[in-house]
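Here is a short report for a reader new to this structure. Look over the sequence and the model first, then read on.

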Amino acid sequence: MSRGPMKVAVVGKGGVGKTTVAGSMARIWARGGLRVLAVDADPAAHLHSVLGIARSEMPHPISEELDLIEERTGARPGTSQGPFFKLNPRVEDIPDRYSKLGSDGVSLLVTGTIKAAGSGCFCPENAILRSLLEHIILERGDAVVVDMEAGLEQFGRATCRGVDMLLIVIEPGSRSMETAARMAELSHEMGVKNMSVVANRVRGKEEADAVAELLASHSLKLDYVLPYSEAVAKADMLGISPLDHGDDNEWLSSVRRLSNGMLGSDRI
């Protein structure tokens with residue numbers, strides 16, 4: 001368990017249920033009494049639905065707040081601003097000003113996309129988003145869940161080293177596990193100290209054992225299993241949280257165990 005509030009980054013191949021896992025964990029933490037900030041750093045931006053926030057009410061992505069970016073960096077995105085702008089803009093007030101309160105008291109902040117370092121983009125949007133994520137991970141006093149893309153391009157090395165846990169979500173299937181293996185390798189290169197793998201939508205012990213065996217061939221360990229659930233699948237189809245639809249005790253029990261495991265605690 002970390003000394004301060006827990007900071008978890010959740011990654012995974014598209015379609016594995018990463019956002020459902022991230023949002024459910026954030027809400028379970030909040031139900032347990034933690035002050036939780038959920039950060040949607042995935043361009044698909046679906047975390048709002050798991051947190052009970054209508055799409056029309058979700059926060060505007062910070063990457064599209066052009067006036068804010070210009071005010072803080074001294075350069076307006078998309079203009080010929082020249083080579084000079086602030087690389088470390090002031091960001092400490094942004095989470096409170098630009099977040100939206102969702103179900104169970106979880107605050108949602110939508111960052112928008114940080115362009116990958118290899119794209120050659122040296123721009124004010126990247127400067128403010130990297131500074132914002134670094135502030136949230138390294139300095140802010142909330143428990144934090146970041147719903148990310150499959151890669152770690154959004155994070156700088158300092159931010160990666162500040163994350164308490166990288167949670168890799170997979171589902172049964174070789175491509176999902178290959179993505180997990182690449183993520184594990186990249187996380188070590190970026191300095192992430194702790195990593196867990198959770199298999200989602202697993203149909204029974206036999207399938208769980210097969211997943212564990214395939215992961216082991218990539219030198220990875222299966223830490224948590226979330227069972228396949230018709231209630232969760234229906235909630236996903238409706239665009240709502242499984243915590244607000246139906247009563248699947250097995251799935252809820254499994255996701256609570258995962259949430260507690262991230263905290264190193266049995267208190268929720």
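Val211 belongs to helix α8, which covers residues 204-217. The model is a predicted one.

Is Val211 buried or exposed? Val211 has a relative accessible area of 3%. The limit for buried is under 20%, so Val211 is buried. One of the contacts, Ala199, lies twelve residues away along the chain. The C-alpha atoms of Val211 and Ala199 are separated by 7.7 Å.

## Two residues with positive phi

Arg201 has a positive phi of about 60°, although Arg201 is not a glycine. Arg201 sits in strand β7, residues 195-202. With a relative accessible area of 28%, Arg201 is partly exposed.

Asp104 is not a glycine either, and its phi is positive at about 65°. Where does Asp104 lie? Asp104 is in the loop between β3 (100-101) and β4 (107-110). The relative accessible area of Asp104 is 34%, which means partly exposed.

## Arg140, a buried charged residue

Arg140 is placed in the loop between α5 and β5 (143-147). Arg140 has a relative accessible area of 14%. That is under the 20% limit, so Arg140 counts as buried.

What does Arg140 touch, beyond residues up to four places away in sequence? Its contacts are Lys7, Leu37, Glu92, Pro95, Asp96 and His135. Lys7 is 133 residues from Arg140 in sequence. In space, the two are 9.9 Å apart, C-alpha to C-alpha.

## Helices α3 and α5

Helix α3 spans residues 66-73, and helix α5 spans residues 124-138. Their axes come within 10 Å. The crossing angle is roughly 85°. Angles of 65 to 115 degrees count as roughly perpendicular, and therefore α3 and α5 are roughly perpendicular to each other.

Which residues make the contact? From α3 come Leu68, Ile69, Arg72 and Thr73. From α5 come Pro124, Glu125 and Ile128. By class, this contact has four nonpolar, one polar and two charged residues.

## Helices α1 and α10

Helix α10 runs over residues 249-263. The axes of α1 and α10 come within 9 Å and cross at roughly 75°. That angle makes α1 roughly perpendicular to α10.

On the α1 side, the contact is made by Thr20, Val21, Ser24, Met25, Ile28 and Trp29. On the α10 side, the contact is made by Trp251, Val255, Arg256, Leu258, Ser259, Met262 and Leu263. How do the residues of this contact divide? Nine are nonpolar, three are polar and one is charged.

## The largest pocket

Rolling a probe the size of a water molecule over the atoms shows where empty space is left. In this model, the largest pocket holds about 360 Å³ of space. Its lining has 26 residues. Which of them are closest to the centre? They are Lys18, Thr19, Thr20, His46 and Asp236.

The lining divides into nine nonpolar, ten polar and seven charged residues.

Leu47 is found in helix α2, residues 47-50. Leu47 has a relative accessible area of 1%, so Leu47 is buried. Beyond its neighbours within four places in sequence, Leu47 is in contact with Thr19, Ala22, Gly23, Ala38, Val39, Asp40, Leu108 and Asp147. Arg27 is 20 residues from Leu47 in sequence and 11 Å away in space, C-alpha to C-alpha.

Ala44 lies in the loop between β2 (36-40) and α2. Is Ala44 buried or partly exposed? At 38% relative accessibility, Ala44 is partly exposed. Lys100 is 56 residues from Ala44 in sequence. Their C-alpha atoms are 18 Å apart in space.

Notes. Residues are numbered from 1 along each chain as its sequence is written. This is a predicted model: local features need pLDDT of at least 70, side-chain atom pairs count only at pLDDT 80 or more; totals for chains, interfaces and linings use all residues. Side-chain values use heavy atoms; hydrogens and water are left out. Helices (H or I, at least four residues) and strands (E, at least two) are DSSP runs, numbered from the N terminus. Buried means under 20% relative accessible area, exposed over 50%, partly exposed in between (1.4 Å probe, protein chains only). Contact means heavy atoms within 4.5 Å. On a 1 Å grid over the protein atoms alone, a cavity is a set of points where a 1.4 Å probe fits but cannot get out, and a pocket is an open set with protein on both sides within 12 Å along at least five of seven lines; lining residues have an atom within 4 Å of a point. Grid points are joined across faces, edges and corners, and a volume is the space filled by probe spheres set on the points. Ala, Val, Leu, Ile, Met, Phe, Trp, Tyr, Cys and Pro count as nonpolar, Asp, Glu, Lys and Arg as charged, and the others, Gly among them, as polar. Axes are lines fitted to C-alpha atoms, for helices over the stretch in contact, and angles run from 0 to 180 degrees between N-to-C directions. Angles under 35 degrees count as roughly parallel, over 145 as roughly antiparallel, 65 to 115 as roughly perpendicular and the rest as oblique.
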